[in-house]
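Okay, everyone, thanks for coming.

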Amino acid sequence: MVRALLVLPPLPQPMNAPYLGQQYIAAALLAAGHTVHCLDLANLSETQAAARLDDQVRAFRPDLVGMTLFTYNALAGYRLTETLAATGALLIAGGPHPTILPDEPLAHGFDLSLSGEGEHAITAVADTLEKGGDFTAIPGLHSRAGRGPPNAAIEDLDALPFPHLAAATVRLDAVAGGILTSRGCPARCTFCANYVTGRAYRWRSPENVVAEMRTLRRDFGLSHFPFWDDAFTARRPRLEALCDAILDEPELAGVTWTCITPGNMVLPRDLERMRKAGCVAINFGIESGDATILRAIQKGQTPEKILAAVQAAKAADMTTIVNFMFGFPGEGPEELANTHALMRRLAPITDFFNNFGVLVPFPGTAIYDRYHAEYGFSGWWLDPDRIPSAPAADLGRDPALEKNFFSYDPHVRDRIADLVRWKADHNAAWANRQAAANETIHVTRRIA
Ligand code: SF4
């Protein structure tokens, strides 16, 4: 039995719920018979985080420390390895950042680095640590001694232990509050950093999802479930089957849920069934109102299709959340004007626009590969001055715009700032109306 400590290093953007990915990893280790502690340091300063980690390591004495690294907190994670260096624990990095740059953590204090989904690999690492063996035989594992075979996407998602079982066992403050009914996204957006679950779309059986919802309702008293899938509506037959299964389960009577999906993957005729099954809000990925930009970023949708989908959601009495991004290469005043025009057409049927939205070039994306040398932002995540900082209390100011990754023309930069402000003003007006009407706000969280 291995003692595993799972750590989420500080993030510059606050996280409003425990991290679901960490709970999946914890549940897998627990199911394999190992002992697990979780340490969520996302919302602490680096100094506070190092102190908490030091306390935890002294109390728990882990054999293995697994750290989740996003691009935004990779540097913070590397700094935390200094706190861990003398413990003798095996240090392994996993998550989106090591998936795309597996060698980088090895140069910053980690013994192992994992590329891809972690549930099978982390249990193999713990088993190998306990019984002996070769880490480099484990799919997805990288070490200074070599690397394992490629880490194939997990096909049998029903076989994974429910993540909230970890919350119950290791007494986390709360369950993550969200559910993944599928993994992966079939789209190919050039700015998207969803590397861990990748492009292969896989889904759980409706029975398995309903069983998780039933347990969350019974054991944790939950009756509202945000589905955090990247592309919830990507496969119509499975969407219909899941809606029917929720409707057919007496223990889920009256539950509500929210989902996230690209604007082109939801068909207006499905929305009534979704609403009947409890869907109260949809978070649409739209990104641009300009046809040239939509083609350039491979979003695969048109402004008219977007409008039809949001209209249908509103007609089905759902809360509508709409995501726009700004600052794509090649986006000038004319393209931004087209985006603003679509935002204005959507405003009467949109409850809430995403906050901020200025493009950040994440490593591994087509946009990063194409432009990092030209604009001089190679490896920006290793420079603390280039990491977009915590958002200001003023939601009309995007920290990513201040980093100016694409050296915007001052006129374009001002125009982008106007659009960020425009969304913030719309959202403030909507929130005031909701408060006045004393209504519940159902907003899903979007993980980029
Ligand atoms: S941005 Fe959304 S739709 Fe595009 S590839 Fe990523 S998850 Fe899929």
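**Helix pairs and a ligand shell**

So, let's start with who touches whom: from α1, Y24, I25, A28 and L29 make contact with E119, I122, T123 and A126 of α6. Sort that contact by class and you get six nonpolar residues, one polar and one charged. Bear in mind that this is a predicted model.

What about the geometry of that pair? Two packed helices are described by the angle between their axes and the distance between the axes. Here α1 is residues 20–31 and α6 is residues 119–131, and they pack at about 45° with the axes 9 Å apart. That angle makes α1 oblique to α6. As for handedness, α1 passes α6 in a right-handed crossing.

Now, α2 and α3. Helix α2 covers residues 46–60 and α3 covers residues 74–84. Their angle is about 40°, and the axes sit 10 Å apart, so α2 and α3 are oblique to each other. The crossing of this pair, α2 with α3, is right-handed. On the α2 side we have E46, A49, A50, L53, D54 and V57, and they meet A76, R79, L80, T83 and L84 in α3. By class, the α2–α3 contact has seven nonpolar, one polar and three charged residues.

A quick word on the annotation. The unreviewed UniProt entry carries "domain: B12-binding" over residues 1–136. In the model, that span is 44% helix and 18% strand, and its end C-alpha atoms lie 21 Å apart.

The classes in the α8–α9 contact are eight nonpolar, no polar and no charged. Helix α8 runs over residues 206–220 and α9 over residues 236–248; their axes come within 9 Å and cross at roughly 40°. That's why α8 and α9 count as oblique to each other. And α8 passes α9 in a right-handed crossing.

Last stop, the ligand. Which residues are around it? You'll find C185, A187, C189, F191, C192, N194, R199, D230, P262 and K299 there. How does that shell split by class? It comes out as six nonpolar, one polar and three charged.

That's my tour; happy to go back to any of these on the screen.

Technical notes: Residues numbered from 1 in each chain as written. Predicted model: local features only at pLDDT ≥ 70, side-chain atom pairs only at ≥ 80, totals over all residues. Heavy atoms only, no water. Near = heavy atom within 4 Å. Nonpolar A, V, L, I, M, F, W, Y, C, P; charged D, E, K, R; others polar. Axes fitted to C-alpha atoms, helices over the stretch in contact; angles between N-to-C directions. Helix = DSSP H or I, 4+ residues; strand = E, 2+ residues; numbered from the N terminus. Parallel < 35°, antiparallel > 145°, perpendicular 65-115°, else oblique. Left-handed = near helix turned anticlockwise from the far one by under 90°. Contact = heavy atoms within 4.5 Å. UniProt positions renumbered as here; feature names shortened; annotations may be inferred.
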